[in-house]
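Let us walk through this structure from its overall build down to single side chains. Keep the model open as you read.

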Amino acid sequence: MQPDVRISAIAHVIQLAIAPVFMLTGIGSLLGVLTNRLGRIIDRARALEDRLIDVTGEHKHVMGSDLNMLARRARHINHAISLCTIAALLVCLMIAILFISAFFTADISRVVATCFVLSMAALIAGLVSFLREIQLAMRSLRIGPH
């Protein structure tokens, strides 16, 4: 392959990789939101556990129930983080495959398409898990005197 043709092929691959990079940026932002929510859940659970020692009766039962809900929420957020991270890794793999393909003549379209579809599936599943966590949070919300 001549140098001009190689540079042109690499430039074309860079153009193709721009859309997945934007997708990667979006997933990264989502991961930031998810990890912040997980951190808040953990902080709330630790605070409740510290107070649980001094509480008796009905309050202890309510706090135990709150801790169980926080544990369920944490599992959903952890699941969402895992799935979104897998989606991001698949996007990275797709970008790497696009760049590697600039140096080979093999047809990699199916591999790239598979990476994209799997990435979307992982992202969708992660968002569903995030939605479930939000639903649990809203169900356990108590405002005002109890």
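**Three helices, one chain**

The chain has 3 helices and 0 strands. From the N terminus on, the elements run α-α-α. Helices (H or I, at least four residues) and strands (E, at least two) are DSSP runs, numbered from the N terminus. The model is predicted: local features need pLDDT of at least 70, side-chain atom pairs count only at pLDDT 80 or more, and totals for chains, interfaces and linings use all residues. Residues are numbered from 1 along each chain as its sequence is written, and side-chain values use heavy atoms, with hydrogens and water left out.

Start with the overall shape. Along its principal axes the C-alpha trace spans about 80 × 25 × 20 Å. The chain has 3 helices. Its radius of gyration is 23 Å, well over the 15 Å that the globule rule gives for 146 residues, so the chain is more spread out than a compact globule. The radius is taken over C-alpha atoms, and the globule rule is 2.2 Å times the number of residues to the power 0.38.

Now the contacts, meaning heavy atoms within 4.5 Å. Among contacts with a separation of 6 or more, 79% are between residues 24 or more positions apart.

Next, the surface. The accessible surface of the chain comes to about 9,600 Å². Carbon and sulfur atoms hold 66% of that area. Areas come from the Shrake-Rupley method with a 1.4 Å probe; for residues, only the protein chains shown count as cover. Of the 146 residues, 32% count as buried. Buried means under 20% relative accessible area, exposed means over 50%, and partly exposed lies in between (1.4 Å probe, protein chains only).

Which residues touch the most other members of the largest nonpolar core? They are Ile 27, Leu 34, Ile 77 and Cys 84, out of 34 residues in this core. H1, helix H2 (57–101) and helix H3 (109–139) each supply at least two residues of the core. The largest share, 15 residues, comes from H2. Such a core is a set of buried Ala, Val, Leu, Ile, Met, Phe, Trp, Tyr and Cys residues joined through side-chain atoms within 4.5 Å.

Take Ile 77. Leaving out residues up to four places away in sequence, Ile 77 touches Leu 34, Arg 37, Leu 38, Ile 41, Phe 130 and Glu 133. Two of these names, Arg 37 and Glu 133, return below as a salt bridge.

Ser 119 sits in helix H3. Its relative accessibility is 0%, so Ser 119 counts as buried. Beyond residues up to four places away in sequence, Ser 119 touches Met 23, Ala 87, Leu 90 and Val 91.

**A buried glutamate and its partners**

Side chains of opposite charge can pair when their charged atoms come close. The rule for a salt bridge here is a side-chain nitrogen of Lys or Arg within 4 Å of a carboxyl oxygen of Asp or Glu. By this rule the count comes to 2.

Look at Glu 133 in helix H3. With a relative accessible area of 0%, Glu 133 is buried. Glu 133 touches Arg 37, Ile 41, Arg 73, His 76 and Ile 77, not counting residues up to four places away in sequence.

Arg 37 forms a salt bridge with Glu 133, the closest N and O atoms being 2.8 Å apart. Arg 37 lies in helix H1 and Glu 133 in helix H3, so the pair ties together parts that are 96 residues apart in sequence. Arg 37 counts as partly exposed, at 25% relative accessibility.

Arg 73 also meets Glu 133 in a salt bridge (2.7 Å, N to O). Here Glu 133 lies in helix H3 and Arg 73 in helix H2, so this pair ties together parts that are 60 residues apart in sequence. Both Glu 133 and Arg 73 are buried. Salt bridges that share partners join Arg 37, Arg 73 and Glu 133 into one network.

**Out on the surface**

Ile 14, Ile 18, Phe 22 and Phe 99 form a nonpolar patch, with about 390 Å² of accessible area together. Patches are made of residues with over 30% relative accessible area and no salt bridge: like charges are joined within 9 Å, nonpolar side chains (Val, Leu, Ile, Met, Phe, Trp, Tyr) within 5 Å. Helix H1 (residues 3–52) gives the largest share of the patch, 3 residues. Phe 22 is found in helix H1, and at 61% relative accessibility Phe 22 counts as exposed.
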